[in-house]
Amino acid sequence: MHSQVDAARAALAANSAAVQASQVNASYTAIRAPMAGRVGAINVYPGSLVQPATSLTTVTQLAPIDVAFTLPESNLASLLAAQKQGTVPVEASTGGDAKPVTGQLSFVDNTVDPTSGTIRVKAQFGNGDGLLWPGQYVNTRVTVRTIKDAVVIPQSAIIINAEGTFVYVAEHDGTARMVPITRLHAFGLNAAVTGLAGNEQVITEGKQNLRPGGKVRLAGARQQGKPGAQDAPAARKDKAA
């Protein structure tokens, strides 16, 4: 009785092996991509001479997708500090009316390119809607720091001398008032500062000739029929990144 059971088990194992062998043989009749993606142009047609190394087509992964770009080495410290805090958000835009795509920083190179003073980084995007395309040029924006309810002013309004860092603001009575400030973060032509309420009009032109209490005139105002220059910009509350 036991010998019959063992013989049946051996026959079952042999049949299972035969099934697996048939599945392997059948797999050679189909071509399966190693990943999900978009198929490119077909490079082989009936009658083409092919070899084992001949590429039939290419499959490019679209979701997720990586975007490689460079950052100035001066931003490396802020980038690494943000990376230690957690996920670093990155926005990519293709320009025009296209909606920016949000992803996250995934790679920071281990060396700075000494010829250009930049470091190579990568960001990964889910790209479920396929807005980003392989080989496409995009504009990227990395947010390394967010200052909530920050007061943002033009950097051209900031004065630094032996007395410290300050700006001149235009009062309602037409005089200039000196306000000490602290620059929290500079980005482009603007800077986030403390020391201002956010509703002042900071003076950006002619400030080198001003003294506390000196008379000022808003550019754009007319005096005795003479046109002025442009309006002085006002400080505003904003988010600095």
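Q: At 46% relative accessibility, what does Thr182 count as: buried, partly exposed or exposed?
A: Buried means under 20% relative accessible area, exposed means over 50%, and partly exposed lies in between (1.4 Å probe, protein chains only). Thr182 has a value of 46%. So Thr182 counts as partly exposed.

Q: What pLDDT do local features need here?
A: Residues are numbered from 1 along each chain as its sequence is written, and side-chain values use heavy atoms, with hydrogens and water left out. This model is predicted: totals for chains, interfaces and linings use all residues, side-chain atom pairs count only at pLDDT 80 or more, and local features need pLDDT of at least 70.

Q: Which strand holds Thr182?
A: Strands are DSSP runs of E with at least two residues, and helices are runs of H or I with at least four, numbered from the N terminus. The protein chain has two helices and 14 strands. Thr182 falls in the one that covers residues 182-187, strand β12.

Q: How far apart in space are Thr182 and Ala26, C-alpha to C-alpha?
A: In sequence, Thr182 and Ala26 are 156 residues apart. In space, their C-alpha atoms are separated by 72 Å.

Q: What share of the 241 residues counts as buried?
A: The total covers the protein chain. Over the 241 residues, the buried share is 24%.

Q: Which residue in β6 is the bridge partner of Phe69?
A: Two strands pair if DSSP finds at least two bridges between them. Strand β3 (residues 65-72) and strand β6 (residues 118-125) run antiparallel, joined by eight bridges. In β6, the partner of Phe69 is Val121.

Q: Which residue in the turn between β5 and β6 has a positive phi?
A: Strand β5 (residues 101-113) pairs with β6 in the antiparallel sense over six bridges. Asp113 stands opposite Thr118 in β6. The two strands form a hairpin with four residues between them, and the turn residue with a phi of about 70 degrees is Gly117.

Q: Which residue in β7 is the bridge partner of Ser93?
A: Strand β4 (residues 89-93) pairs with β5 over four antiparallel bridges. There, Pro89 has Gln104 as its partner in β5. β4 also pairs with β7, again antiparallel and over four bridges. In β7, the partner of Ser93 is Asn139.

Q: Which peptide bond is cis, with omega near -5 degrees?
A: Most peptide bonds are trans. Pro64 lies in the loop between β2 and β3. The cis bond runs from Ala63 to Pro64.

Q: Asp149 is not a glycine; what is its positive phi?
A: Most residues other than glycine have a negative phi. Asp149 sits in strand β8 (residues 147-154) and is exposed at 62% relative accessible area. Its phi is positive, at about 55 degrees.

Q: Where is Asn127 placed?
A: Asn127 has a positive phi too, near 55 degrees. Its place is in the loop between β6 and β7 (139-142).

Q: Which residue forms a salt bridge with Arg177?
A: A salt bridge is a side-chain nitrogen of Lys or Arg within 4 Å of a carboxyl oxygen of Asp or Glu. The count comes to one. Arg177 is partly exposed at 35%, and its partner, with the closest N and O atoms 3.1 Å apart, is Glu171.

Q: How much accessible area do Val39, Ile42 and Tyr45 have together?
A: Patches are made of residues with over 30% relative accessible area and no salt bridge; like charges are joined within 9 Å, nonpolar side chains (Val, Leu, Ile, Met, Phe, Trp, Tyr) within 5 Å. Areas come from the Shrake-Rupley method with a 1.4 Å probe; for residues, only the protein chains shown count as cover. Tyr45, in the loop between β1 (38-39) and β2 (59-60), is exposed at 53%. The three residues form a nonpolar surface patch with an accessible area of about 310 Å².

Q: What type of aromatic pair do Phe166 and Tyr168 form?
A: Rings of Phe, Tyr and Trp (its six-membered ring) pair if their centres lie within 6.5 Å; planes under 30 degrees apart count as stacked, over 60 as edge-to-face, the rest as tilted. The count comes to one aromatic pair. Phe166 and Tyr168 are 5.7 Å apart centre to centre with 85 degrees between the planes, which makes the pair edge-to-face.
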